[in-house]
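Colleague: I would like to learn how to read a model of this kind, one feature at a time. Could we take the general idea before the particular case?

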Amino acid sequence: MCRRTNVTGRRLQMKTVRWLWGYVSQMRWALAFSMMVLVVGQWAQIAAQGSQKFLIDDVLVGKHYEQLLWVLGYFTITYLVFYLLSWWGRYLTRMNGLTLQRYMGSRLMALIQRLPVASIQGGRTAKWVQYFTSDIQQVSTFVTEDLPRGIQQVAGTLLLIGIIGWNSPIVLAIVSVFSALYIALGRYYGPIMRRQTREMQEKRGDMLTKIEEGISSTREVIAFNRMAWEEKSFRGAFAVFFDKVMENGKLANSQLLLSNSVQWIGRMAVLLFGGYSVISGSISIGVFVIVYQYSNQLFNNYQTVFNFVMNMSGQLAYADRVREIFNQEAAPEGSKPLKAEVQSIVFDKVTFAYPGTERLVLNELELSIPQGKKIAIVGSSGGGKSTVTQLLLRFFEPTSGCIRINGTPLSDIRNADWLGKLCVVFQEPFLLPDTIRSNLLFGRPFSEERIIEACRIAQVHEFIESMENGYDTVVGERGYTLSGGQRQRIAIARAIAGEPELLILDEATSALDMETEMKLQEALDRERAGKTTIVIAHRLSTVRNADLILVMHEGRLVEQGTHQELMNGGDIYRRLVSVMSDEGAPKKRIRGA
Ligand SMILES: Nc1ncnc2c1ncn2[C@@H]1O[C@H](COP(=O)(O)OP(=O)(O)OP(=O)(O)O)[C@@H](O)[C@H]1O
């Protein structure tokens, strides 16, 4: 059982190493160069230390005082080489580390944008943030700093073995025996450390998630007077993490205790044998001094190599996590271009259940959305209206049936082409913690005139102008300095600024007062004349003048027509009208305008 676990672990490590190499190979020359600089630097340090032998044996004991300058010159040059290469090596490893972090970070960012929305919604934000702030950083430090330093230590170790073995094979044997104990300890502790690091990392992720959620929900927590509950839940997450850290610390301590004892006894043995060799005349004092120093260094090198092996297991755990996420399958992408104007959008018997659920939210939905018109989708809460938007955005794929754009299945169409044609405003739009202008531009190159025009249509220009910094006002985290209605209007301005072919307003004006909403609707109707606008709304005033009203109920289209036609013949629509006052349904109202 245990053996199988080891084999599986090793296979996993090899898989991770191979995967890592795919990324690292692109900067292999830079890495190889930094390793070479570090290795030569280490050798220069060993060479500099060797000057003591000449100083003691030749200059002091041999009384060749005229050689003092030569010895000093040798020491100065080798030490300078060591010093400069150490500095350069540090610089190179840091630079390589940042390059790899940037490379992996941008790959991950691009990947996140292409992942199925379900996998992002399913995971928690802080976990994703941790991939950037911790895991990728750890992986890049491992590859660009720890690994070259490990190679440097191995190269230094080989040189020390050569020198010590040449001068005193028995000292080398003593050091090697005790070092073998190190390796045995490394083999024993390596897999345990790796498992523990991974577990600790997961608990840390949970705790960060808790912190992130705690900060995001501050207002609700205060509003519901749940501070004690929130504190307790954080303490719980921290306690679990704390236990794991302590467990990890205990293991690391017992490993250190054992390895330090081994090293201490080994040093005593070298001193004893070396002293005896000098007294018996088999080695000189100079050789004894440097062999003793090199032996200590060899012990340290062994320990560093040992730590490197231990850390390698732990670091590969970070790499495992990153590999898992990098290997997630991207959302399916169509390949057919869509350059022509959208002529028709048809839902052909679309059935859909959210991932991980059984309930059919859309049930063989048949829908044809005419183009160049204002279309409203109404219906009871939970009837599947917003799900239509989610499928149009390709956040999810229909379970069965097909959405066709100009007769072509949406899943076959190139995402960039399709998404370039539509724009959606959600009920609770996300605003960047940046200026209003940046939020309106959202990375697009619009003129100031276009931005202002869009804000005028969205009835938000005057409000923006009334603020001290106008369009340069910073809106705070998720736009918390604004009311719900102001946020919605800015989001609408942001959407219409780009004049999308298809605009979807999903409860996008729910937080506006009646008068502002009416003005906005009128201006929007003028702006969008001849273009397709889909309005999902509860408030009837928002949809009454739509060219076509689609009534959804329990995942199906049950009625359609103009307001008047439906008032004359649509049972469900008439019922909706009778239960909804013109103020709209209160259940979906968000923070007031
Ligand atoms: N991400 C999700 N995972 C699982 N179920 C979901 C998800 N999003 C929505 N649902 C469920 O799907 C059903 C339809 O939701 P949808 O938001 O489409 O309804 P709606 O008609 O827009 O309702 P409302 O008018 O209240 O916004 C609801 O029962 C809802 O609970």
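Colleague: Which helices are included in what covers the buried residues of α13?

Modeller: Bear in mind that this is a predicted model. The cover over the buried residues of α13 includes α12 (436-441), α14 (461-466), α15 and α16 (514-527).

Colleague: Which residues of α13 are buried, and why do they lie on the same side of the helix?

Modeller: The general idea is that an α-helix has 3.6 residues a turn, so residues three or four places apart point the same way. In helix α13, which spans residues 448-457, the buried residues are Ile451, Ala454, Cys455 and Ile457. They are on the same side of α13 because the arc they cover around the axis is only 160°. Glu448 and Glu449, on the other side of α13, are exposed. After the helix comes Gln459, which has a positive phi, near 60°.

Colleague: How should I read the nonpolar cores, and which residues have the most contacts inside the largest one?

Modeller: In soluble globular proteins, nonpolar side chains tend to be buried together. Here the largest nonpolar core has 67 residues, and those with the most contacts inside it are Ala376, Ala458, Ala493, Ile496, Ile549 and Leu550. Helix α15 makes the greatest contribution to this core, giving seven residues. If we take Ala458 and set aside its neighbours within four places in sequence, its contacts are Arg489, Ile492, Ala493, Ile496 and Leu520. There is also a second, separate core, which has 48 residues, among them Met104, Val143, Phe299 and Ala319.

Colleague: Turning to the sheet, what is the order of its strands?

Modeller: As a general idea, the side chains of a regular strand alternate between the two faces of the sheet. The sheet in this model is open and has six strands in the order β6-β7-β8-β3-β9-β10, with mixed pairing. Its edge strands, each of which pairs on one side only, are β6 (422-425) and β10 (556-561). On average, and with direction ignored, neighbouring strands of this sheet are turned by 20° against each other.

Colleague: Which helix lies across β6 and β7?

Modeller: That is helix α15 (residues 484-497), which runs at about 175° to β6. Helix α19 (residues 571-579) also packs on the sheet, where it touches β3 (374-379), β9 (548-553) and β10, and its direction makes about 90° with that of β9.

Colleague: Which residues does UniProt list for "transmembrane region", and what does the model show over residues 68-88?

Modeller: The unreviewed UniProt entry lists residues 29-48, 68-88, 158-185 and 269-294 under that name. Over residues 68-88 the chain is 100% helix and 0% strand, with the end C-alpha atoms 30 Å apart. Over residues 269-294 the chain is 81% helix and 0% strand, and there the end C-alpha atoms are 14 Å apart.

How values were computed. Residues are numbered from 1 along each chain as its sequence is written. This is a predicted model: local features need pLDDT of at least 70, side-chain atom pairs count only at pLDDT 80 or more; totals for chains, interfaces and linings use all residues. Two strands pair if DSSP finds at least two bridges between them. Helices (H or I, at least four residues) and strands (E, at least two) are DSSP runs, numbered from the N terminus. Axes are lines fitted to C-alpha atoms, for helices over the stretch in contact, and angles run from 0 to 180 degrees between N-to-C directions. Two residues are in contact if their C-beta atoms, placed from the backbone, lie within 7 Å. A nonpolar core is a set of buried Ala, Val, Leu, Ile, Met, Phe, Trp, Tyr and Cys residues joined through C-beta atoms within 7 Å. A residue is buried if 20 or more other C-beta atoms lie within 10 Å of its own, exposed if 12 or fewer, and partly exposed in between; C-beta atoms are placed from the backbone. UniProt positions are given in the numbering used here, feature names are shortened, and annotations may be inferred rather than shown by experiment. The arc is that of the directions from the helix axis to the C-beta atoms.
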